[in-house]
Amino acid sequence: LLLGLLSKPNVAALPLVIIAFEFFYPRKQSGLKEVSLRIAPFLVLVAAAAAYHVFRSSAFTGSLLQGSLSVHFLTISSVLARYVKILILPVNLSHSYPPPFFSGEYNWRLAVYLAVDLLLFAMLILAILRKEKAIAFGILFFLLNLLPVSGFLPISIFMADRYLYLSSFGFVFVGVLVGIRFWGALANRQKPRRLFVFTGSVSLILLALISFDRCRVWKDALTLWTNAVRTYPNFQFNHYGLGNAYFKSGQLEQALKAYKTANLFKENFSACYYIALIYDQLGDSAEAKRYYSKVLDLYSDDMTNQPVSYTHLRAHETSLHL
């Protein structure tokens, strides 16, 4: 658990997973006191990690989306349904998703998302009532491991494929159990069994091809950010990331175009700085000076995490004047 907490925050759900397992598969002569003592060391580590994330990291934002509890709840609901969709049909993936904030528009997509969530929780309740312990635990494993990164506690990144690394085990586990049950129900029925095997085989082949194609996207920074822009072109950060990839590879003209596209959404401190830097390197002092001036205008004392200091900017501006 300690090593896991140093890697991914959703590992923090392990104590809850253990409690769920103890509930469905209790040990003989094991009461509440014994379970509590077994859980206590895990809770201490999780509490320490939570304190760090709240007070020392930038992951915890501490504010509800748009200051509204209903918007926050509907965003969490939308993200959960989208995770289910990704696990069933992993297409339109991106390493950088636009913030899936609920904008106040009640459309058919929101209705579908809420229906998926209700179906998931209905399956959990039905499994508990019918004493299907393994299926109930698998669903809980999926949900509980998403809890720390679900946005229930406000976080800066609301959705990421990496949040599914651990939780997806529960989803796959339930799928395997359901598949076994379905296979057993088709006993002595050769044609349906052959159809089941054929469908499963085709699905596995398609998923393997999708995985192969996705691995090609992660070849380097350029392929990764190009794919992100192609998948979500209306997200400013993807264009900024593509600009960084071009800049680091020395393709200044393409980087300039990407940074300017990012600025079409809203003028950004870092994008303006790199535009000025590129013009400086290309020898266009007039444009460089204009963008350095924009950066100075956008600068504020609370921008401590930006990739350039105020002193650095002043030095560039002074050199241009000289």
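A residue counts as exposed when its relative accessible area is over 50%, and as buried when that area is under 20%. In this predicted model, Cys215 has a relative accessible area of 57% and is therefore exposed. Cys272, at 0%, is buried. The structure holds 0 disulfides.

The largest nonpolar core contains 34 residues. Within this core, Tyr83 and Phe142 touch the most other members. Helices H2 (14-24), H4 (69-88), H5 (108-129), H6 (133-146) and H7 (164-185) each supply at least two of its residues. H6 gives the largest share, 10 residues. Leaving aside residues up to four places away in sequence, Phe142 touches Leu80, Val84, Leu87, Leu120, Leu164, Ser167, Gly170 and Phe171. A second, separate core has 28 residues, among them Leu242, Phe247, Tyr259 and Leu277.

The salt bridges number 5. One of them pairs Arg181 with Glu132, with the closest N and O atoms 2.7 Å apart. Arg181 lies in helix H7 and Glu132 in the loop between H5 and H6, so this pair ties together parts that are 49 residues apart in sequence. Arg181 is partly exposed at 48%; Glu132 is partly exposed at 23%.

Lys294 forms a salt bridge with Glu267, the closest N and O atoms lying 2.8 Å apart. Here helix H13 (residues 285-298) carries Lys294, while Glu267 sits in the loop between helix H11 (252-265) and helix H12 (269-282), so parts 27 residues apart in sequence are tied together. Glu267 is partly exposed, at 38% relative accessibility.

Arg216 forms a salt bridge with Asp213, at 3.9 Å between the closest N and O atoms. Both residues belong to helix H8 (residues 190-217), 3 residues apart, and are therefore separated by about one helical turn. Arg216 is exposed at 54%, whereas Asp213 is partly exposed at 42%.

How values were computed: Residues numbered from 1 in each chain as written. Predicted model: local features only at pLDDT ≥ 70, side-chain atom pairs only at ≥ 80, totals over all residues. Heavy atoms only, no water. Core = buried A, V, L, I, M, F, W, Y, C linked by side-chain atoms within 4.5 Å. Buried < 20%, exposed > 50% of the residue type's maximum accessible area, 1.4 Å probe, protein only. Helix = DSSP H or I, 4+ residues; strand = E, 2+ residues; numbered from the N terminus. Contact = heavy atoms within 4.5 Å. Disulfide = S-S within 2.5 Å. Salt bridge = Lys/Arg side-chain N within 4 Å of Asp/Glu carboxyl O.
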